[in-house]
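Biologist: Please take one part of this protein and look at it closely. Start with the overall layout, then work down to the side chains.

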Amino acid sequence: MTPSHAQSAHRLSLSNELVSSDFMALASHMTDCQRSRGRFFTLRTRLESLHAVTASRLVTTGAALVVCSLGLIGLGLLTMA
């Protein structure tokens, strides 16, 4: 039993539709990738790295900033006196 010409054409049509939809998905993905590497790509990656470092040490980083700020204020008050 060999498939009829109509069945073969239908299978070929389905195959072409799948390839076409895969191609469109790939094209969409490539466009998204290209768009994500825009003007601020370097800035965004550096900010993400900074966030990864400081997020886990949020309390320690905040305490260090407070201590440094108080030190600078104290130093400023000593120079004014």
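Modeller: Helices here are DSSP runs of H or I with at least four residues, numbered from the N terminus. The model is a predicted one. From the N terminus on, its elements run α-α-α. That makes 3 helices and 0 strands.

Take helix 3, residues 58-80. First, its length. The helix has 23 residues, and at 1.5 Å a residue they should span 33 Å. The end C-alpha atoms of helix 3 are 33 Å apart, so the two values agree.

Next, its cover. Buried means under 20% relative accessible area.

Now the side chains. Val 66, Leu 70, Ile 73, Leu 77 and Met 80 form a nonpolar patch on the surface. Together they have about 560 Å² of accessible area. An α-helix has 3.6 residues a turn, so residues three or four places apart point the same way. Met 80, a patch member, is found in helix 3. Its relative accessible area is 70%; exposed means over 50%, so Met 80 counts as exposed.

Last, the rings. The count of aromatic pairs comes to 0. A charge does meet a ring, though: Arg 37 lies over the face of Phe 41, at 4.2 Å from the ring centre.

How values were computed: Residues are numbered from 1 along each chain as its sequence is written. This is a predicted model: local features need pLDDT of at least 70, side-chain atom pairs count only at pLDDT 80 or more; totals for chains, interfaces and linings use all residues. Side-chain values use heavy atoms; hydrogens and water are left out. Patches are made of residues with over 30% relative accessible area and no salt bridge: like charges are joined within 9 Å, nonpolar side chains (Val, Leu, Ile, Met, Phe, Trp, Tyr) within 5 Å. Accessible areas come from the Shrake-Rupley method with a 1.4 Å probe; for residues, only the protein chains shown count as cover. A salt bridge is a side-chain nitrogen of Lys or Arg within 4 Å of a carboxyl oxygen of Asp or Glu. Helices (H or I, at least four residues) and strands (E, at least two) are DSSP runs, numbered from the N terminus. Buried means under 20% relative accessible area, exposed over 50%, partly exposed in between (1.4 Å probe, protein chains only). The expected span of a helix is 1.5 Å times one less than its number of residues. Rings of Phe, Tyr and Trp (its six-membered ring) pair if their centres lie within 6.5 Å; planes under 30 degrees apart count as stacked, over 60 as edge-to-face and the rest as tilted. A charge sits over a ring if NZ of Lys or CZ of Arg is within 6 Å of the ring centre and within 35 degrees of the ring normal.
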